[in-house]
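This report describes the chain architecture, the contact between the chains and the nonpolar cores. The sequence and the structure are shown first, and the account follows.

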Amino acid sequence: MKKLFVSIGALVLCCVILFGVSTLTQKIAADNARIEKHNMMSTLLPGSMKFKEEAYTGEDANIRAVYRGEGGYVIETAVQGYADEITMLVGVSSEGKVTGLVVRELSETVGLGAKALKDHKFLSQFLNTSEQTEVGTDIDAISGATVTSKAIAKSVNSAVAFVTGADIDSGATAWGG
Amino acid sequence: MKGNRYFLNTALTVVVFVAAMAAVVVKAFFPQIIIPKLGIPEMVLLSLIALLADHYLAGSTKRCWFCIVPMSLLAFGLLPLVTRLVLPLDALWLGLKGCAAFTLTTLLYTSIQERLSSGPKAKLAPVLSALGLYLASQAFMGL
């Protein structure tokens with residue numbers, strides 16, 4: 001029984017240490033996250049150093065946040081992938097051209113959909129597009145991850161449509177299609 | 001430590017603690033790194049690391065099955081909660097999923113371990129069993 005109390009004591013000790021470290025790093029984490037997001041947005045929308053968050057009042061459920069930069073926008077999107085939501089930042093110039101995109105959160109299958117994080121060949125297909133793109137027609141899907149590929153295309157389409165005012169079907173459909 | 005039937009609970013707590021601490025540090029100092037969400041395969045992986053630690057450090061297949069459920073619920077629910085990376089309701093859900101994953105993994109692993117006819121030289125048998133279970137959990141999630 002004494003050994004059981006050792007286990008409980010270890011759990012309590014771990015909780016106290018984690019809470020302490022989490023409290024101590026909370027401000028640092030918030031500052032670093034803000035700086036990192038700003039740097040990321042500057043990369044996605046080249047030439048822009050200042051960004052201002054604008055309230056999004058549109059009906060596209062895929063758009064989470066809109067940041068106005070100099071010469072375009074960075075749009076935060078969240079679209080249902082195969083396993084969970086895929087959160088992205090998409091840079092779109094004022095002319096409606098995709099200037100950059102990055103996946104921020106993803107829980108897709110390792111070795112398949114998770115490739116979307118770093119598959120430059122796949123992601124670079126969206127660069128400089130200004131029309132609505134479709135996987136299979138305009139974009140080659142990641143091998144074995146069609147659902148993830150479609151979800152990413154949907155995110156980019158929503159971001160482009162926000163800037164160009166194009167009418168798209170943003171409704172969440174099964175398999176992100 | 002040898003023959004301690006409660007050691008598995010401590011091992012699980014320490015393994016989840018290390019993972020949670022890594023998440024806090026990465027979130028604070030390396031925000032550009034994408035941390036994988038704590039899903040079933042990750043929970044199974046953490047459970048298997050704890051089971052291997054228990055095997056090599058305590059060397060006992062005797063378990064306190066009565067303790068496994070509440071301790072794993074607390075380890076997978078409470079530790080992520082105190083990092084403030086998850087909301088209370090999500091922490092509860094994580095705890096329940098973690099508890100189910102750990103209990104099932106422990107049952108399967110213990111059953112395999114008890115049937116392993118490994119001699120003293122077969123030191124890698126538990127690791128290979130754990131690897132097999134991890135791959136099985138990945139396949140399960142892919143269904």
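## Cores, contact and strands

Beyond its neighbours within four places in sequence, B:Val16 is in contact with B:Leu46, B:Ala75, B:Phe76 and B:Leu79. The model that shows these contacts is predicted.

B:Val16 also belongs to the largest nonpolar core, a set of 42 residues. Together with A:Leu18, B:Leu12, B:Ala75 and B:Leu79, B:Val16 is one of the residues with the most contacts inside this core. The elements that each supply at least two residues to the core are α1 (2-44) of chain A and, from chain B, α1, α2 (40-57), α3, α4 (88-115) and α5 (125-142). Of these, α1(B) gives the most, with eleven residues. In soluble globular proteins, nonpolar side chains tend to be buried together.

The contact between the chains is formed by 24 residues from chain A and 29 residues from chain B. On the side of chain B that touches chain A, two elements give two or more residues, namely α1 (7-29) and α3 (65-83) of chain B. The largest share of that side, eleven residues, is from α1(B). By residue class, the side of chain B that touches chain A comprises 18 nonpolar, eight polar and three charged residues.

Chain A contains three helices and five strands. Along the sequence, these elements of chain A are arranged as α-β-β-β-β-β-α-α. The radius of gyration of chain A is 20 Å, whereas a compact globule of 177 residues would have one near 16 Å. Along the principal axes, the C-alpha atoms of chain A fill a box of roughly 70 × 40 × 30 Å. In chain A, 39% of the 177 residues are buried. Of the contacts in chain A with a separation of 6 or more, 52% are between residues 24 or more positions apart.

Within chain A, strand β4 (residues 85-93) is mostly covered, with seven of its nine residues buried. The pairings of β4(A) with strand β3 (residues 72-80) of chain A and with strand β5 (residues 98-105) of chain A are set out below.

| Strand pair | Sense | Bridges |
|---|---|---|
| β3(A) and β4(A) | antiparallel | nine bridges |
| β4(A) and β5(A) | antiparallel | six bridges |

The confidence of the prediction can be stated for chain A. Its mean pLDDT is 85, and 93% of the residues of chain A reach 70 or more. Over residues 171-177 of chain A, pLDDT stays under 50, and the model has eleven contacts beyond four places in sequence for this stretch. Where pLDDT is low, the predicted coordinates should not be read in detail.

Notes: Residues numbered from 1 in each chain as written. Chains lettered and ligands numbered in written order. Predicted model: local features only at pLDDT ≥ 70, side-chain atom pairs only at ≥ 80, totals over all residues. Contact = placed C-beta atoms within 7 Å. Helix = DSSP H or I, 4+ residues; strand = E, 2+ residues; numbered from the N terminus. Nonpolar A, V, L, I, M, F, W, Y, C, P; charged D, E, K, R; others polar. pLDDT = per-residue confidence, 0-100. Rg over C-alpha atoms; globule rule 2.2 N^0.38 Å. Buried ≥ 20, exposed ≤ 12 C-beta atoms within 10 Å, placed from the backbone. Core = buried A, V, L, I, M, F, W, Y, C linked by C-beta atoms within 7 Å. Pairing = 2+ DSSP bridges.
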